[in-house]
Amino acid sequence: PCRSVLTVACEQTEVLLFDPISSKHIKTLSEAHEDCVNNIRFLDNRLFATCSDDTTIALWDLRKLNTKVCTLHGHTSWVKNIEYDTNTRLLVTSGFDGNVIIWDTNRCTEDGCPHKKFFHTRFLMRMRLTPDCSKMLISTSSGYLLILHDLDLNKSLEVGSYPILRARRTTSSSDITSSGSSGPRTVGSPCHQNDSGPLSEKHMSRSSQREGGSPRNSLEVLTPEVPGERDRGNCITSLQLHPKGWATLLRCSSNTDDQE
């Protein structure tokens, strides 16, 4: 946050540290993890977290880089993203096990941090929080973009416990207008582990009857379509947010892996 250190996550097991002003190489953490290091997130001016394909998250202190502060165990597959809520000091991670896990860094010990599974969806690829931590965006390999609105990280979400705001395709302005005027458009839900069918009418009618603002952790399901790719399907492999949360940039690949 103070812009004094640049950290680099490497495909092997390394983390590199540089002085961003002079470009001087400060240090290499040669065995930061046992597999590829995927993401780095600073918690404050000295603490940072790394995640890896070895299924773990590690906490580090810039003042003592010879050893980890602690290692966090909870995911069962490759961990791809780390986010951090500075207001609650909650660390948020996601992995290819489909889980989004919350870690309470207020109560960290050498053995780790208390944690809980916050959300699960099949085919999870990437997860991001908006800068104000009011929304969580999740991309999937099945072409869905999930948005949790009015985010409350203290409440774990089980299947069926969150209201559905909308389920629609983002193809054209006419489709979006139609979706808004005639009610949500039903599409297959990626969030039900044992049901690949459409979102239930009970869910949809309850959400469409809500009054006032959105309830906490309301789920919006979008299926962005890439022009010319309607019949090929898409995997949303990368997800990046505007620094002020105004827009999201998606990187999609066809299910046949012959086009991005």
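**Ground rules**

I'm working with a predicted model, where local features need pLDDT of at least 70 and side-chain atom pairs count only at pLDDT 80 or more, while totals for chains, interfaces and linings use all residues. I number residues from 1 along each chain as its sequence is written, and side-chain values use heavy atoms, with hydrogens and water left out.

For secondary structure I use DSSP runs, numbered from the N terminus: helices are H or I with at least four residues, strands are E with at least two. I call two strands paired if DSSP finds at least two bridges between them. A reminder to myself: strands of a sheet pair through backbone hydrogen bonds, either parallel or antiparallel.

I started with β1 (6–9). It pairs with β2 (residues 15–18) in the antiparallel sense, over four bridges. A hairpin of five residues links β1 to β2. I noted two bridge partners across it: Thr-7 goes with Leu-17, and Ala-9 goes with Val-15.

So much for one side of Val-15; β2 also runs antiparallel to β3 (residues 25–29), joined by four bridges. Six residues sit between the strands in the hairpin of β2 and β3, and there I found Ser-23 with a positive phi near 65 degrees.

**Entry: the sheet β4-β5-β6-β7**

Next I traced an open sheet of four strands in the order β4-β5-β6-β7, with antiparallel pairing. β4 and β7 (70–73) are at the edges with a single partner strand each, so one side of each has no neighbour in the sheet. From one strand to the next, the twist averages 20 degrees. (Axes here are lines fitted to C-alpha atoms, for helices over the stretch in contact, and angles run from 0 to 180 degrees between N-to-C directions.)

Inside this sheet I checked β5 (residues 47–52) and β6 (residues 56–61), which are antiparallel and joined by five bridges. Ala-49 stands opposite Leu-59 of β6.

**Entry: the sheet β8-β9-β10-β11**

Here I found another open sheet of four strands, ordered β8-β9-β10-β11 and paired antiparallel. Why is one side of β8 and of β11 left without a neighbour in the sheet? Because β8 and β11 (115–120) stand at the edges, each with a single partner strand. The twist averages 25 degrees from one strand to the next.

I counted six bridges between β8 and β9 (residues 90–95), which run antiparallel. In β9, Gly-95 stands opposite Val-79.

I looked at both stretches. Residues 30–63 are 0% helix and 53% strand, with end C-alpha atoms 17 Å apart. Residues 72–104 are 0% helix and 64% strand, with end C-alpha atoms 11 Å apart.

**Entry: the disulfide**

I found one disulfide (a pair of cysteine sulfur atoms within 2.5 Å) in the structure. Cys-108 and Cys-113 form it, with sulfur atoms 1.8 Å apart. The torsion about their S-S bond is about 50 degrees, so the disulfide is right-handed.

**Entry: the largest pocket**

The largest pocket has a volume of about 770 Å³. Of its 26 lining residues, Arg-3, Ile-40, Arg-41, Phe-42 and Glu-83 are closest to the centre. (On a 1 Å grid over the protein atoms alone, a pocket is an open set of points where a 1.4 Å probe fits, with protein on both sides within 12 Å along at least five of seven lines; lining residues have an atom within 4 Å of a point. Points are joined across faces, edges and corners, and the volume is the space filled by probe spheres set on them.)

β4 gives the largest share of the lining, four residues. I sorted the lining into 14 nonpolar, eight polar and four charged residues. (Nonpolar covers Ala, Val, Leu, Ile, Met, Phe, Trp, Tyr, Cys and Pro; charged covers Asp, Glu, Lys and Arg; the others, Gly among them, are polar.)
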